[in-house]
Structure formats: C-alpha cells, structure tokens
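Dear colleague,

I am passing on the structure we spoke about, with my notes below it. Please read the notes with the coordinates open beside you.

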Amino acid sequence: MAHPLLRAEPLRAWRFEDLLDSPDDGYRYEIFDGSLLVTPPPPMPHANLVYRLRRALERQAPETLAVCEAIGVLREDGTSYFVPDLVLFDATLLGTTLPALPPSAAQLIVEVVSPSNPSNDLVLKRHGYALVGVAEYWIVDVRTQEVLVLTDPSPTGYLTEEKHTGSLRNDRPFSYEIDLAAIFA
C-alpha cells in the first residue's frame, strides 16, 4: 500500500477527504486553502497550557457547551480544515456523525502559539478563521504572556482585537473570568 500522503494523480489542491487515510503518527494534518500543513505534536509546556485553559473554561462554561481538544473545523467546500488547540461549541453536536465542526458552530477557537511555527497561529489561522466566520479567536502567546482576543470576523480579517494580560473576563460566549497568571505559571 502506498503512503497515504503520497498521491499518484496529478497535483491538485488538498481537500478534507485526502486526510481520511492520514497516518496516526501524532502529527497534526490540516489544510488551508488547499495547501497541506503538517505540524509536530506539541511539546509538554504547550500541552500543559492548553490543559490549564481547558480546565478554566470548563469550570465556568454552562453544561450546554463543550470545550474540546482535537476537534476539527471544516470549511464547507473541504479546502480548509483546521484542528485548533481548543474549540467551544454546542454540546449537542457531540452526538452527531459530523466529520468535523462547521465554522459557524465554533463559538470560540483557542490556539496556543506553536513554538515550531508561530506564523501558523499568528497569521495563517488568524486569516483562515476570520475568512470562514469563526466568531471569536484567541491567540495565546506564552512568549508575551498575553491573550489576543479577536472578534467580528470579516473576509478581510477580524475587525476587533483586544490584548489581555493578568486576567481575561467577558460575558460572551458565556460569563467567565480567567486568571492568566495562573494559566501561564
């Protein structure tokens, strides 16, 4: 059997269906506008930060919302597919057979800046999530110990951005307050 990421057919844009046979090797396989993105598994500090954020959100989120890791977000045409560090969505969707979340279902996406390729989270995914209409996108940067909250998506990017240090609180998509010093500790 050929390696699932090698294709014998002529070059064309990658689509979600092409990832269905990707190897279970710990790497994250994503697609942005038909281009394949492969990233290594996150190091332990990255995983620890994601874990702390997830716990902080889960403690405060209503039971009607799910806070999950490794849930893909798929653009309807199949040419963009991201696997964010965390995604918040209606918990009833967990009982469906969807292959991934439609972008409109993601109420919040959280990415911790990748040490191996920060531009994926800071530039590429920032543009990609805005383009498909993800309502709120957090970029968590351990280097600066801040969270950039992006809202009001448009085809040209997010229209509103706020930097947070120390604490992060809001009433959307639910009422929460997060002690960022504890998250970054």
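Predicted model: local features only at pLDDT ≥ 70, side-chain atom pairs only at ≥ 80, totals over all residues.

Residues are numbered from 1 along each chain as its sequence is written, and side-chain values use heavy atoms, with hydrogens and water left out.

On pLDDT (the predictor's confidence in each residue, from 0 to 100), the protein averages 92, and 95% of the residues score at least 70. Confidence is lowest in strand S2 (residues 35–39), at a mean of 92, and highest in S6, at 98; helices (H or I, at least four residues) and strands (E, at least two) are DSSP runs, numbered from the N terminus.

The largest nonpolar core has 24 residues, and those with the most contacts inside it are Leu 57, Trp 138, Val 140, Val 147, Leu 168 and Ile 178. Here a nonpolar core is a set of buried Ala, Val, Leu, Ile, Met, Phe, Trp, Tyr and Cys residues joined through side-chain atoms within 4.5 Å, and buried means under 20% relative accessible area, exposed over 50% and partly exposed in between, with a 1.4 Å probe and protein chains only. Among the elements that each supply at least two residues of this core are helix H1 (44–60), strand S8 (136–141) and strand S9 (146–154), and H1 gives the most, with five residues. Apart from this core lies another, of 22 residues, among them Leu 37, Leu 101, Leu 124 and Val 134. Returning to Ile 178, and leaving aside its neighbours within four places in sequence, its contacts (heavy atoms within 4.5 Å) include Leu 57, Trp 138, Leu 168 and Ile 183.

For aromatic pairs, rings of Phe, Tyr and Trp (its six-membered ring) are paired if their centres lie within 6.5 Å, with planes under 30 degrees apart counted as stacked, over 60 as edge-to-face and the rest as tilted. By this rule the count comes to seven aromatic pairs. The rings of Phe 32 and Phe 82 have centres 6.0 Å apart and planes at 25°, so this pair is stacked; because Phe 32 lies in strand S1 (residues 28–32) and Phe 82 in strand S5 (residues 81–82), the pair ties together parts that are 50 residues apart in sequence. Phe 32 counts as buried at 14% relative accessibility, as does Phe 82 at 4%. Tyr 129 and Tyr 137, with ring centres 4.8 Å apart and planes at 65°, are edge-to-face. Phe 32, Phe 82, Tyr 129, Tyr 137 and Tyr 158 form one aromatic cluster.

Tyr 129 is also one of the buried residues of H2, as are Leu 124 and Lys 125. A kink of about 40° in H2 is centred on Lys 125, where the bend is the angle between axes fitted to the seven residues ending at a residue and the seven starting there. Just after H2, Gly 133 takes a positive phi of about 85°.

Some backbone details remain. A cis peptide bond, with omega about 0°, joins Arg 172 and Pro 173, and Pro 173 lies in the loop between strand S11 (167–170) and S12. Asp 33, although not a glycine, has a positive phi of about 45°; this residue is found in the loop between S1 and S2 and counts as partly exposed at 39% relative accessibility.

Best regards
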